[in-house]
Structures are given as C-alpha cells and as structure tokens.
Amino acid sequence: MAASVAEGVPEAEDAKRPQFGNRFLSDPARVFHHNAWDNVKWSEDQAAAAERKVRENSSQLVCAEKQVDYEVNAHKYWDDFYKIHENGFFKDRHWLFTEFPELAPSHNHLTNLPLEKQRSEVGEVGPGLTTEQHKCSCTSHGCETQVPPVEEPVTHKLNHLEIRADEFPGSSATYRILEVGCGVGNTVFPILQTNNNPNLFVYCCDFSATAIELLKTNSAYDPSRCFAFVHDLCDEDQSYPVPEDSLDVIVLIFVLSAIVPDKMQKAISKLSRLLKPGGVMLLRDYGRYDMAQLRFKKGQCLSGNFYVRGDGTRVYFFTQDELDVLFTAAGLEKVQNLVDRRLQVNRGKHCCFQSPAGCIRTLQVSASSFDLQVVI
C-alpha cells in the first residue's frame, strides 16, 4: 500500500515517508506532497451526493431469473475471471504486515523457537495449543487463566475422509494461518516469502478451481509449508481440512463481500469454530459508498448494496455496524473496526479523488475477539 517512489526523490528519503494509514492532511497546501491521504472526512454535501447516487443506481434491480443464474453459476463466473486474467490482475499485498501484524514473522515469538523448545518452555496442552496462548487470550479480556484438560484426539470428517485432530495437513506446525478466498496467492505468497519459520503452516482456499490450479503451479508454492484447496464458503456440508480450535489466524480479504448477504452469518460462524482460543480473524473489504459502489449503473443492483459486475461476479458494500453484528453473533469479540477514508491524488495532473466511504479496511476478530478494518 505504500506509495511508489516519486521521480527525483532519493530512495533513502522516500523510505522515511509515513506508511499509508498514517498520512494525515493537516495542511491543504501540501495535498500534492503524497499520492494519497488517510482519514479525510467528507463534507455533508459529499455524503448526501453519495446517498443520492446509491438510491439512483439501486432503483432498478436485476430480474429474478438472472439473480438465480448469478448464484447457481457463481463458481463459473469466478473461473472465467481467472481464466482471463490468470495471475496478472491483483498485485501481491506487501502492505499486509503493516495492516495485519499478526501475519508478520515477529508476531508470535514462540514460532521462532524449535517445536521441542516450545513444548519444554510453555507446556503442550493439546494439539496446537499451549498454556501461554490460553493465558494471552484470557488476559486480554480480563478473565482468569484457564488451561483446558488434555483430551483424546478428536476425529472430524472431511467429505469422505476422516481427519484426526493430530493428523491433518500442517498438524505439526505451531502457528497456522488460513486465508479464505485466496485467489492466485497474492496474500499467501508474501506471507511464505517473508516468513521462513519451519513452524508456520498456511492453508488457502478459493471458490474457483482455476484460481487454485494457478496458485499450485506457481514456483513459490511449497506443499510442505502450504495446503491449497477448493472450497465453497457457503456450503454448510463441506468441511475444512483442519479440526476445530486449530487455527491462529483466519484472513478474509475482499471475499465476504462476494457472497449473498443471507449466507454470510453461517459462513462466519463456521469459520470462527476453527480458531484457537485467542485466535484472530482479519478482514479487509468494501465499505458503504466506496467509489466502486457509486460507479455502478442502473440494472446492476441485486438487492440493497449488493451488485453484480459486468463479468458476473458480485460485491456487497458493508457498514461497520453490519460487520459488528456478523462477527459478534459468531461468538467473537471486537478488537478493532476501522473505516479507511482515503483521498487519492494525481500529482501529474494535480487532481484529487476522494474515496467516499469506501472499504472496510481491517476487521480483526479472534476466538473471543475480532478486529475489523473497512477501507473506503
């Protein structure tokens, strides 16, 4: 998310510039000093204009027959998207570690220790859980530390397979991350390339079989550190290849907005059960009145704030309150829920474009808490 190096600016000097998320425009005369400014609030007139635009573009809904087609054939539309763009549409998200420190190599000091060393220093209390991890999650909520009893391995069914809680891909890892809606790996590969710790294991899934195929054929894909699989977030009968209470982090970046609003709650509730106590769910997605929403034309609206693009893929635009409800109803506790209102600057043409109320930038949620970010 960092701005590109400007012409005539030495690299060392540019490296000292504040990262996105920390660029505040206090002096309007300096508006063209950076490519973007954070947390620039709208005027009442701008907010009213955005509301009018949304009322206008949602006044004519897509017919019921087409709505059924977009739902039933959703996988086909995403497969077609990736067949056309392959891995050239999205850029690798190297801003991840600034916005989500939970994904950075230094976040969990235990992952820097050999597995046996971790067990001796902390004490293992079950598959992938330690007394320290339980202590951290409880302390953050002001409760007393409780160490769960050691239990016999639990068996879970994955389609036609049975998976024991101590026998699944990445079962020997001590820090596990799952990205839902991974696409072709623009989040997964920066994580793997930045963190070479042998105790880290990354899972990634996508609705599109084409996307997963592209991801697996990437030279950076390492089956010993990563497990990629096709998965329908909305399929209640489809299991994840990990047992409950086994993940440290779940990442959802511009994926929840792609499913029917009525199915979001069950999807999040199912994911929340995979988190360890103290685990965290991280979300970045579209916020209400994002520029993308305002650009839609009449006839592209499926329902309130839910639209279909020209390629048949769909997108929903959230409010912070909606996300609060979704994640707290899943038994999670909010850590953070932010809206990123950004002013984009074209320094070449001396033009400014404000992203209205755009996108939920960070939603973080844990097994008992969550942190949301909305980017607008």
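Modeller: Two residues are in contact when heavy atoms of theirs lie within 4.5 Å. The model here is predicted. By that cut-off, Leu271 is in contact with Leu178, Val180, Leu233, Tyr240, Ile250, Leu252 and Met281, leaving aside neighbours within four places in sequence.

Colleague: Which residues of the largest nonpolar core touch the most other members?

Modeller: Among the 39 residues of this core, they are Leu178, Tyr240, Ile250, Leu256, Leu271, Met281 and Phe327. Several elements give two or more residues to the core, including β6 (175–180), β9 (247–253) and β10 (275–286). Helix α10 supplies the largest share, four residues. Apart from this core lies another, of 26 residues, with Trp95, Tyr175, Val202 and Ala228 among them.

Colleague: Why are α3 and α4 called roughly perpendicular to each other?

Modeller: The axes of α3 (residues 64–72) and α4 (residues 74–85) cross at roughly 65 degrees. Angles of 65 to 115 degrees count as roughly perpendicular; α3 and α4 are therefore given that name. Their axes come within 4 Å.

Colleague: What makes up the contact of α3 with α4, by class?

Modeller: It has four nonpolar, one polar and three charged residues. Lys66, Asp69, Tyr70, Glu71 and Val72 in α3 meet Ala74, His75 and Tyr77 in α4.

Colleague: What is the mean pLDDT of the protein chain, and where does pLDDT stay under 50?

Modeller: The mean is 75, and 64% of the residues reach 70 or more. Over residues 1–18 the pLDDT is below 50, and this stretch has 24 contacts in the model beyond near neighbours in sequence. Residues 109–162 also stay under 50, with 86 contacts beyond four places in sequence.

Conventions: Residues are numbered from 1 along each chain as its sequence is written. This is a predicted model: local features need pLDDT of at least 70, side-chain atom pairs count only at pLDDT 80 or more; totals for chains, interfaces and linings use all residues. Side-chain values use heavy atoms; hydrogens and water are left out. A nonpolar core is a set of buried Ala, Val, Leu, Ile, Met, Phe, Trp, Tyr and Cys residues joined through side-chain atoms within 4.5 Å. Buried means under 20% relative accessible area, exposed over 50%, partly exposed in between (1.4 Å probe, protein chains only). Axes are lines fitted to C-alpha atoms, for helices over the stretch in contact, and angles run from 0 to 180 degrees between N-to-C directions. Angles under 35 degrees count as roughly parallel, over 145 as roughly antiparallel, 65 to 115 as roughly perpendicular and the rest as oblique. Ala, Val, Leu, Ile, Met, Phe, Trp, Tyr, Cys and Pro count as nonpolar, Asp, Glu, Lys and Arg as charged, and the others, Gly among them, as polar. pLDDT is the predictor's confidence in each residue, from 0 to 100.
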